[in-house]
Amino acid sequence: MDYSILVNKSNPIANSYFDNLSLVECLDIDGNKISVEKTAYNMYINLSAYLKTKNIFIEIASAYRSIEEQQEIIDEFTKKYGVDYVSKYTAPIRTSEHHTGLAIDLALIVDGVKICENEDLLKYEDIFFEIHQSLSDYGFILRYPKGKEDITGYGYEPWHIRYVGKELAKYLYKNNLTLEEYVEKQLTKVIIFDWGGVIMHRDPVENNDKQAIIRVIKSFNPTLSDDEAWNVYLNSLIDENGIYISQQCDEVSKAKWVERLNNLGNFNASLQEFSEKFSAEYLSVGYYSDLIDYIYSLKDKCQIGLFSDLIYGCTPALNKQLDLSKFDNVWLSYQTGLRKNTLDAFILIENDLLVSPENILFIDDSTVNIMNAKKRGWQTCQAFGYEIDKIKASVTDFLNNR
Ligand SMILES: [Zn+2]
């Protein structure tokens, strides 16, 4: 049973859906026999019991509708409210979500009085506000919310709730997404680019980021060799407790990191001096603008993301090279606290995107990073930014294989 099924004016329900539909019979507010999908009904009962504890009394006005019944409703509402109303509040046959058995139109009992008519229900906005806040705990969503009329194709219906399962309901509620937006997002492929090495030079013969770091360290202690300076940097990144101290944003961690650099490199730089030098050297590092143009050009074909292990001092260089607002998603290690050498960094991205792993293409120059992405089932392309033809070929391949 697919609880995330989307039925709307562009997605009519298929006959095959009904083969797996298991309905239970129950009574509507007027005592008429009606049907609801089994799990949705059990969860509705739990929701109703919870709301009772808050002195809110809900009943079912309408739930599962066969294709024939939807036709009868259209005829009845046309007589009662007219054609304009029907086109706004009812669906043509096969496009009604009520065919799924997962949609319930709520009625209210307020002070012992049944409230069933749409125009009456609209007056109880405060009660519906309470109901809507509890829906996701029971796997329901408010299907046609205010402000999303253009996306759902329906006017605001506070009474129409839809069972999608708890996990998805929570996700949609938290992210203020409709089912339409979610399904669209699900279908989209995502290409995620690394920064250092792919966008910024890490070619040994160019002015690359490693050399920038060596220059920073040596500017504070010129007696160090290149290798020594590089090791000072590497050893400073993780503190004695194994924490990636260089990746934290808070002032205490920043100060601690610079203190660690000072001790390891035998120099005495303030955080400000270090940050300024760091930013300045990074700003001088080259990058592949042809690749960046290519990345932006992908925006109408898929989502694009940036995933980088970097420290906060790199931000001016990052902003010089890229327009981060053009990316659909950006994960920076100093913000997430997770580096690509842990699978957790990849799991975080999966949770943000909610796309299946094979719909993610990850482009990075590091073998370790590529291996972690593969472990998660992502598509990968190991390349440096100067290997633009290799990157383009993998992107074309990825986008063409649905
Ligand atoms: Zn409805």
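Four bridges tie strand E9 (residues 303-308) to strand E10, and the two run parallel. Keep in mind that this is a predicted model. The chain is assigned three domains: domain 1 (15-175), domain 2 (190-201 + 287-400) and domain 3 (209-283). Here's a quick tour, starting with the sheet that holds E9 and E10.

**The parallel sheet**

- E9 and E10 belong to an open sheet of five strands, ordered E10-E9-E8-E11-E12, with parallel pairing.
- Strand E10 (329-332) and strand E12 (379-382) sit at the edges with a single partner strand each, so one side of each has no neighbour in the sheet.
- On average, neighbouring strands in this sheet are turned by 15 degrees against each other, if you ignore direction.
- Helix H17 (residues 367-375) lies across strand E11 (360-364) and E12, and its angle to E12 is about 170 degrees.

**Where domains 2 and 3 meet**

- The centres of domain 2 and domain 3, taken over C-alpha atoms, are 25 Å apart.
- Contacts here involve 13 residues of domain 2 and 10 residues of domain 3.
- On the domain 2 side, helix H14 (315-321) and helix H15 (333-336) each put in at least two residues.
- H14 gives the most to that side, with three residues.
- By type, the domain 2 side splits into seven nonpolar, four polar and two charged residues.

**Nonpolar cores**

- The largest nonpolar core has 58 residues, and Phe193, Ile199, Leu361 and Ile363 touch the most other members.
- Helix H9 (residues 209-220) gives the most to this core, supplying five residues.
- Why does this core lie between domain 2 and domain 3? Both domain 2 (190-201 + 287-400) and domain 3 (209-283) give residues to the core, so it lies between them.
- Which residues does Ile363 contact, leaving aside neighbours within four places in sequence? They are Ile191, Phe193, Asp194, Val198, Cys381, Ala383 and Ile391.
- There's also a second, separate core of 36 residues, with Leu108, Ile115, Leu142 and Ala169 among them.

- Strand E4 (residues 103-110) runs antiparallel to E7 and is joined to E7 by three bridges.

- Is Ala61 buried or exposed? Ala61 has 22 C-beta neighbours inside 10 Å, so it counts as buried.
- Ala61 is part of strand E3 (residues 57-62).
- Beyond its neighbours within four places in sequence, Ala61 is in contact with Asp28, Ile29, Asp105, Leu106, Ala107, Cys116 and Trp159.
- Ala61 and Trp230 are 169 residues apart along the chain, and their C-alpha atoms are separated by 70 Å.
- Gln272 is in helix H12 (residues 271-283).
- With 9 other C-beta atoms within 10 Å, Gln272 is exposed.
- From Gln272 to Asn372 is 100 residues in sequence and 35 Å in space, C-alpha to C-alpha.

- Most residues other than glycine have a negative phi.
- Arg94 isn't a glycine, yet has a positive phi of about 75 degrees.
- You'll find Arg94 in the loop between helix H3 (83-89) and E4.
- Arg94 counts as partly exposed, with 15 C-beta neighbours inside 10 Å.
- Asn266 isn't a glycine either, and its phi is positive at about 55 degrees.
- Asn266 sits in the loop between helix H11 (251-265) and H12.
- Asn266 has 12 other C-beta atoms within 10 Å, so it is exposed.

Definitions and conventions:
Residues are numbered from 1 along each chain as its sequence is written. This is a predicted model: local features need pLDDT of at least 70, side-chain atom pairs count only at pLDDT 80 or more; totals for chains, interfaces and linings use all residues. Two strands pair if DSSP finds at least two bridges between them. Axes are lines fitted to C-alpha atoms, for helices over the stretch in contact, and angles run from 0 to 180 degrees between N-to-C directions. Two residues are in contact if their C-beta atoms, placed from the backbone, lie within 7 Å. Domain bounds come from an automatic or database domain assignment. Ala, Val, Leu, Ile, Met, Phe, Trp, Tyr, Cys and Pro count as nonpolar, Asp, Glu, Lys and Arg as charged, and the others, Gly among them, as polar. A nonpolar core is a set of buried Ala, Val, Leu, Ile, Met, Phe, Trp, Tyr and Cys residues joined through C-beta atoms within 7 Å. A residue is buried if 20 or more other C-beta atoms lie within 10 Å of its own, exposed if 12 or fewer, and partly exposed in between; C-beta atoms are placed from the backbone.
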